[in-house]
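Please walk through the fold shown here, with attention to its sheet and to some backbone angles.

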Amino acid sequence: MGLLHTYLSDFFKKVTRDEQLIRLVHYKPSSGLDDPLSPTKPNLFGTTTYYNVISKKNFIRAPKATDLTEGGGICRICMYIGSSSRSENMKVYNQEIVFDVLVHIVDFEEKDSRSLRIIDRLTDLLQEEQITGVGKVRAARTSVPIGAPEGYIAYRNTFTFGATK
């Protein structure tokens, strides 16, 4: 198995197993006061809903948005490997990992700024953590608006980490 595949898999595991992030992408708010992180809402990781729906529609290992206009609105986090650049150490390079956060405006964004909550959680979860490769993850560019399907808002968030050659 190649290193890039390992790097992406390590980040995917970290992100898709975080209960707060799972709740943020899944629970639709009924109003601005309906908190997806409320202890009154059940945990989702490990449930049938998580394995049959959330892990397949809300977390994707590619920049995929073409299917979002079908059916009801959702939140999606697309994660994929970005570009790499040389570092001062010849045996290590800086590797980007990209997270596109796409949020349905009417069902989520208008009620509780869900995209910003997801971005904040991603940053808290990844920043300064040793997840894969060498060294700690650093935020390179966060909350950069990108094109989104109609009815959605989307932001690109890029993190870097040290990777070996």
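Ser143 is part of strand S4, which covers residues 134-145; strands are DSSP runs of E of at least two residues and helices are runs of H or I of at least four residues, both numbered from the N terminus. This is a predicted model, in which local features need pLDDT of at least 70 and side-chain atom pairs count only at pLDDT 80 or more, while totals for chains, interfaces and linings use all residues. Residues are numbered from 1 along each chain as its sequence is written, and side-chain values use heavy atoms, with hydrogens and water left out.

The phi of Ser143 is near 60°, a positive value in a residue other than glycine. Most residues other than glycine have a negative phi. Ser143 is partly exposed, at a relative accessible area of 31%; buried means under 20%, exposed over 50%, and partly exposed in between, with a 1.4 Å probe and protein chains only.

Five strands form an open sheet with mixed pairing, in the order S1-S2-S3-S5-S4. Two strands pair if DSSP finds at least two bridges between them. Strand S1 (59-60) and S4 are the edge strands, each pairing on one side only. Strands S2 (residues 75-86) and S3 (residues 92-104) run antiparallel and are joined by ten bridges. Cys78 stands opposite Asp100 in S3.

The loop between helix H4 (105-112) and helix H5 (114-126) holds Ser113. Its phi is also positive, near 50°, in a residue other than glycine. Ser113 is partly exposed, with a relative accessible area of 34%.
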